Amino acid sequence: MTKPLKTVIGVILTAIMLFPVYWMINVSFTKDTDMRADPPHLFPWNGTLEGYRAVLDQQMPYLGTSLLIGLGTVLLTLVLAAPAGFALAKLRPRGTGALNFVLLIAQMIPGIIMAMGFYAIYLRAGVLNTVPGLILADSTIAVPFGVLIFTAFMSGIPDELLNAASIDGASKFRTFRSVILPVSRNAIVTVSLFAFLWAWSDFVFATTLDGGGEYQPITLGIYHYIGNNNQQWNAIMATAVIASIPATLLLIVAQRYVAAGVTAGAVKD
(Lines give C-alpha, C1' and ligand atoms only; values in the text may rest on other atoms or scores of the structure.)
Protein backbone atom coordinates (compact mmCIF):
# COMPACT_ATOMS: atom_id res chain seq x y z
CA MET A 1 0.00 0.00 0.00
CA THR A 2 1.48 3.32 -1.08
CA LYS A 3 1.95 6.25 1.28
CA PRO A 4 -0.57 8.55 -0.54
CA LEU A 5 -3.21 5.81 -0.33
CA LYS A 6 -2.55 5.38 3.38
CA THR A 7 -2.95 9.13 3.80
CA VAL A 8 -6.28 9.14 1.93
CA ILE A 9 -7.59 6.21 4.00
CA GLY A 10 -6.46 7.94 7.20
CA VAL A 11 -8.21 11.18 6.24
CA ILE A 12 -11.42 9.32 5.40
CA LEU A 13 -11.43 7.37 8.67
CA THR A 14 -10.68 10.54 10.63
CA ALA A 15 -13.53 12.36 8.90
CA ILE A 16 -15.92 9.51 9.75
CA MET A 17 -14.92 9.54 13.41
CA LEU A 18 -15.15 13.34 13.66
CA PHE A 19 -18.47 13.62 11.81
CA PRO A 20 -20.56 13.29 15.03
CA VAL A 21 -18.61 16.25 16.44
CA TYR A 22 -19.30 18.28 13.32
CA TRP A 23 -22.98 17.33 13.41
CA MET A 24 -23.21 18.40 17.04
CA ILE A 25 -21.84 21.83 16.10
CA ASN A 26 -24.11 22.00 13.04
CA VAL A 27 -27.25 21.24 15.05
CA SER A 28 -26.25 23.77 17.72
CA PHE A 29 -26.69 26.52 15.09
CA THR A 30 -29.82 25.05 13.47
CA LYS A 31 -33.27 26.55 14.01
CA ASP A 32 -36.00 24.39 15.52
CA THR A 33 -38.03 24.73 12.32
CA ASP A 34 -35.17 23.24 10.29
CA MET A 35 -34.50 20.27 12.55
CA ARG A 36 -36.73 17.88 10.60
CA ALA A 37 -35.75 19.07 7.13
CA ASP A 38 -35.54 16.31 4.52
CA PRO A 39 -32.83 16.03 3.44
CA PRO A 40 -31.15 17.43 6.55
CA HIS A 41 -29.08 20.57 6.19
CA LEU A 42 -25.39 19.71 6.15
CA PHE A 43 -24.58 23.33 6.97
CA PRO A 44 -26.69 25.84 8.97
CA TRP A 45 -27.12 28.39 6.18
CA ASN A 46 -30.01 30.02 8.00
CA GLY A 47 -28.42 29.56 11.42
CA THR A 48 -29.36 30.83 14.85
CA LEU A 49 -27.63 31.55 18.16
CA GLU A 50 -30.70 30.66 20.24
CA GLY A 51 -29.01 27.56 21.62
CA TYR A 52 -25.97 29.47 22.79
CA ARG A 53 -28.14 32.19 24.31
CA ALA A 54 -29.89 29.45 26.27
CA VAL A 55 -26.52 28.22 27.49
CA LEU A 56 -25.53 31.67 28.74
CA ASP A 57 -28.94 32.26 30.34
CA GLN A 58 -29.56 28.85 31.89
CA GLN A 59 -26.49 26.61 31.95
CA MET A 60 -23.72 28.68 33.54
CA PRO A 61 -24.55 27.55 37.12
CA TYR A 62 -24.40 23.92 35.98
CA LEU A 63 -21.02 24.54 34.33
CA GLY A 64 -19.73 26.17 37.51
CA THR A 65 -20.88 23.21 39.59
CA SER A 66 -19.22 20.76 37.20
CA LEU A 67 -15.99 22.73 37.43
CA LEU A 68 -16.14 22.62 41.23
CA ILE A 69 -16.87 18.88 41.23
CA GLY A 70 -14.10 18.21 38.72
CA LEU A 71 -11.47 20.14 40.66
CA GLY A 72 -12.60 18.59 43.95
CA THR A 73 -12.36 15.12 42.43
CA VAL A 74 -8.85 15.84 41.13
CA LEU A 75 -7.69 17.10 44.53
CA LEU A 76 -9.14 14.16 46.47
CA THR A 77 -7.81 11.66 43.93
CA LEU A 78 -4.27 13.04 44.11
CA VAL A 79 -4.31 13.19 47.92
CA LEU A 80 -5.27 9.51 48.11
CA ALA A 81 -3.65 7.98 45.03
CA ALA A 82 -0.18 9.56 45.10
CA PRO A 83 0.83 8.35 48.60
CA ALA A 84 -0.73 4.95 47.91
CA GLY A 85 1.21 4.62 44.65
CA PHE A 86 4.43 5.60 46.43
CA ALA A 87 3.84 3.02 49.15
CA LEU A 88 3.15 0.22 46.68
CA ALA A 89 6.04 1.15 44.39
CA LYS A 90 8.81 1.90 46.90
CA LEU A 91 7.83 0.74 50.38
CA ARG A 92 6.41 -2.56 49.07
CA PRO A 93 4.22 -3.58 52.02
CA ARG A 94 2.94 -7.13 52.40
CA GLY A 95 -0.01 -7.92 50.17
CA THR A 96 1.01 -5.51 47.40
CA GLY A 97 0.09 -7.99 44.67
CA ALA A 98 -3.31 -8.70 46.19
CA LEU A 99 -4.02 -4.97 46.56
CA ASN A 100 -3.13 -4.32 42.93
CA PHE A 101 -5.53 -7.09 41.95
CA VAL A 102 -8.28 -5.53 44.07
CA LEU A 103 -7.68 -2.16 42.38
CA LEU A 104 -8.09 -3.79 38.97
CA ILE A 105 -11.31 -5.51 40.07
CA ALA A 106 -12.64 -2.22 41.48
CA GLN A 107 -12.48 -0.67 38.01
CA MET A 108 -14.67 -3.45 36.61
CA ILE A 109 -17.62 -2.77 38.91
CA PRO A 110 -20.45 -1.11 36.92
CA GLY A 111 -21.06 2.48 37.93
CA ILE A 112 -24.79 1.92 38.46
CA ILE A 113 -24.05 -0.75 41.08
CA MET A 114 -21.78 1.64 42.96
CA ALA A 115 -24.33 4.44 42.60
CA MET A 116 -27.07 2.38 44.25
CA GLY A 117 -24.74 1.49 47.11
CA PHE A 118 -23.78 5.12 47.56
CA TYR A 119 -27.45 6.13 47.51
CA ALA A 120 -28.25 3.97 50.53
CA ILE A 121 -25.19 5.20 52.42
CA TYR A 122 -25.71 8.86 51.53
CA LEU A 123 -29.38 8.71 52.50
CA ARG A 124 -28.45 7.60 56.01
CA ALA A 125 -25.48 9.97 56.28
CA GLY A 126 -27.44 13.00 55.08
CA VAL A 127 -25.10 13.86 52.19
CA LEU A 128 -27.50 12.99 49.38
CA ASN A 129 -27.92 15.79 46.79
CA THR A 130 -24.70 17.54 47.83
CA VAL A 131 -21.58 18.51 45.92
CA PRO A 132 -19.16 16.90 48.44
CA GLY A 133 -21.07 13.64 48.13
CA LEU A 134 -20.74 13.71 44.36
CA ILE A 135 -17.01 14.52 44.61
CA LEU A 136 -16.50 11.50 46.86
CA ALA A 137 -18.46 9.22 44.53
CA ASP A 138 -16.57 10.37 41.43
CA SER A 139 -13.28 9.86 43.24
CA THR A 140 -14.04 6.18 43.73
CA ILE A 141 -13.72 5.77 39.96
CA ALA A 142 -10.52 7.81 39.66
CA VAL A 143 -8.58 6.66 42.73
CA PRO A 144 -7.98 3.00 41.69
CA PHE A 145 -6.81 4.16 38.26
CA GLY A 146 -4.63 6.81 39.86
CA VAL A 147 -3.00 4.35 42.25
CA LEU A 148 -2.10 2.04 39.38
CA ILE A 149 -0.65 4.89 37.31
CA PHE A 150 1.38 6.27 40.22
CA THR A 151 2.62 2.79 41.13
CA ALA A 152 3.79 2.10 37.59
CA PHE A 153 5.44 5.49 37.24
CA MET A 154 7.12 5.57 40.65
CA SER A 155 8.45 2.05 40.19
CA GLY A 156 10.69 3.47 37.47
CA ILE A 157 12.22 6.10 39.76
CA PRO A 158 15.75 4.97 40.77
CA ASP A 159 16.05 3.76 44.35
CA GLU A 160 19.29 5.72 44.57
CA LEU A 161 17.25 8.91 44.92
CA LEU A 162 15.47 7.51 47.96
CA ASN A 163 18.71 6.23 49.45
CA ALA A 164 20.37 9.63 49.01
CA ALA A 165 17.43 11.34 50.70
CA SER A 166 17.57 8.82 53.55
CA ILE A 167 21.29 9.42 54.05
CA ASP A 168 20.57 13.16 54.26
CA GLY A 169 18.15 12.42 57.09
CA ALA A 170 14.87 12.82 55.21
CA SER A 171 11.88 10.91 56.50
CA LYS A 172 9.67 8.80 54.22
CA PHE A 173 7.13 11.62 54.02
CA ARG A 174 9.81 14.22 53.30
CA THR A 175 11.26 11.96 50.60
CA PHE A 176 7.83 11.55 49.05
CA ARG A 177 7.08 15.28 49.15
CA SER A 178 10.46 16.68 48.15
CA VAL A 179 11.90 13.97 45.90
CA ILE A 180 9.19 11.71 44.47
CA LEU A 181 6.45 14.21 43.69
CA PRO A 182 8.64 16.69 41.76
CA VAL A 183 9.80 13.96 39.37
CA SER A 184 6.31 12.49 39.01
CA ARG A 185 4.89 15.40 37.03
CA ASN A 186 3.77 13.23 34.10
CA ALA A 187 1.87 10.87 36.35
CA ILE A 188 0.28 13.75 38.27
CA VAL A 189 -0.92 15.39 35.06
CA THR A 190 -2.22 12.09 33.70
CA VAL A 191 -4.18 11.18 36.82
CA SER A 192 -5.49 14.73 37.20
CA LEU A 193 -6.70 14.83 33.61
CA PHE A 194 -8.54 11.52 33.72
CA ALA A 195 -10.05 12.28 37.14
CA PHE A 196 -11.34 15.63 35.89
CA LEU A 197 -12.76 14.14 32.68
CA TRP A 198 -14.52 11.36 34.57
CA ALA A 199 -16.10 13.83 36.98
CA TRP A 200 -16.92 16.31 34.19
CA SER A 201 -18.74 13.72 32.06
CA ASP A 202 -20.38 11.72 34.85
CA PHE A 203 -24.11 11.19 34.54
CA VAL A 204 -24.84 7.99 36.48
CA PHE A 205 -23.65 9.29 39.85
CA ALA A 206 -25.07 12.74 39.15
CA THR A 207 -28.59 11.61 38.38
CA THR A 208 -28.63 9.05 41.21
CA LEU A 209 -26.96 11.01 43.99
CA ASP A 210 -27.64 14.64 43.04
CA GLY A 211 -30.87 14.52 41.01
CA GLY A 212 -32.68 16.73 43.50
CA GLY A 213 -29.78 18.87 44.64
CA GLU A 214 -29.61 22.64 44.54
CA TYR A 215 -26.28 22.53 42.69
CA GLN A 216 -26.16 20.11 39.78
CA PRO A 217 -23.48 19.35 37.14
CA ILE A 218 -23.75 20.14 33.46
CA THR A 219 -24.75 16.60 32.51
CA LEU A 220 -27.99 17.12 34.41
CA GLY A 221 -28.31 20.60 32.93
CA ILE A 222 -28.36 19.04 29.46
CA TYR A 223 -30.77 16.35 30.63
CA HIS A 224 -33.27 18.97 31.80
CA TYR A 225 -33.74 20.06 28.18
CA ILE A 226 -35.18 16.66 27.27
CA GLY A 227 -38.86 16.06 28.01
CA ASN A 228 -41.75 13.99 26.71
CA ASN A 229 -43.07 16.78 24.51
CA ASN A 230 -40.10 19.07 24.18
CA GLN A 231 -36.56 18.49 22.91
CA GLN A 232 -34.56 21.68 22.50
CA TRP A 233 -31.94 20.12 20.29
CA ASN A 234 -30.07 23.28 19.38
CA ALA A 235 -29.78 24.18 23.09
CA ILE A 236 -28.76 20.61 23.93
CA MET A 237 -26.04 20.58 21.28
CA ALA A 238 -24.89 24.12 22.11
CA THR A 239 -24.49 23.08 25.75
CA ALA A 240 -22.59 19.98 24.66
CA VAL A 241 -20.28 22.12 22.52
CA ILE A 242 -19.57 24.52 25.38
CA ALA A 243 -19.11 21.64 27.84
CA SER A 244 -16.62 19.91 25.56
CA ILE A 245 -14.33 22.95 25.28
CA PRO A 246 -12.62 22.57 28.71
CA ALA A 247 -12.01 18.87 28.12
CA THR A 248 -10.63 19.52 24.64
CA LEU A 249 -8.29 22.24 25.84
CA LEU A 250 -7.02 20.07 28.68
CA LEU A 251 -6.34 17.19 26.31
CA ILE A 252 -4.45 19.43 23.90
CA VAL A 253 -2.32 21.02 26.63
CA ALA A 254 -1.60 17.81 28.54
CA GLN A 255 -1.30 15.26 25.73
CA ARG A 256 2.48 14.89 25.89
CA TYR A 257 2.42 14.46 29.66
CA VAL A 258 -0.37 11.90 29.35
CA ALA A 259 1.55 9.91 26.73
CA ALA A 260 4.52 9.70 29.11
CA GLY A 261 2.37 9.01 32.16
CA VAL A 262 0.29 6.13 30.80
CA THR A 263 3.32 4.31 29.34
CA ALA A 264 5.43 4.62 32.49
CA GLY A 265 6.63 1.28 33.75
CA ALA A 266 5.74 -0.49 30.51
CA VAL A 267 9.39 -0.94 29.51
CA LYS A 268 12.19 -2.00 31.81
CA ASP A 269 15.76 -0.93 31.22
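Is Leu161 buried, partly exposed or exposed? Leu161 counts as partly exposed, because its relative accessibility is 36% (under 20% relative accessible area is buried, over 50% exposed and anything in between partly exposed, using a 1.4 Å probe and protein chains only). This is a predicted model, where local features need pLDDT of at least 70, side-chain atom pairs count only at pLDDT 80 or more, and totals for chains, interfaces and linings use all residues. Residues are numbered from 1 along each chain as its sequence is written, and side-chain values use heavy atoms, with hydrogens and water left out.

**Around Leu161**
- Leu161 sits in helix H6, residues 159–167 (helices are DSSP runs of H or I with at least four residues, numbered from the N terminus).
- Thr175 is 14 residues away from Leu161 in sequence, and the C-alpha to C-alpha distance between them is 8.8 Å.

**Nonpolar cores**
- The largest nonpolar core has 19 residues (a core being a set of buried Ala, Val, Leu, Ile, Met, Phe, Trp, Tyr and Cys residues joined through side-chain atoms within 4.5 Å).
- At least two residues of this core come from each of helix H2 (50–91), helix H5 (131–155), helix H7 (172–180) and helix H8 (185–201).
- H5 gives the largest share, with seven residues.
- Phe86, Val147, Phe150, Met154, Phe176 and Ile180 have the most contacts inside the core.
- Setting aside neighbours within four places in sequence, Phe86 touches Leu91, Met154, Leu162, Lys172, Phe176 and Ile180 (contact means heavy atoms within 4.5 Å).
- There's also a second, separate core of 18 residues, and Ala142, Leu193, Ile218 and Ala254 are among them.

**Aromatic pairs**
- Searching the whole structure turns up eleven aromatic pairs (rings of Phe, Tyr and Trp, the last by its six-membered ring, pair if their centres lie within 6.5 Å; planes under 30 degrees apart are stacked, over 60 edge-to-face and the rest tilted).
- Phe194 and Trp198 make a tilted pair, because their planes are at 50°, with ring centres 5.9 Å apart.
- Both of these residues, Phe194 and Trp198, lie in helix H8, four residues apart, or about one turn of the helix.
- Phe194 is partly exposed at 27% relative accessible area, and Trp198 is partly exposed at 32% relative accessibility.
- Phe203 and Tyr223 pair edge-to-face, at 5.4 Å centre to centre and 65° between the planes.
- Phe203 is in the loop between H8 and helix H9 (204–209) and Tyr223 is in helix H10 (residues 218–223), so this pair ties together parts 20 residues apart in sequence.
- Phe203 is partly exposed at 33% relative accessible area, and Tyr223 is partly exposed at 45% relative accessibility.
- Phe19, Tyr22 and Trp23 are linked into a cluster by ring pairs.
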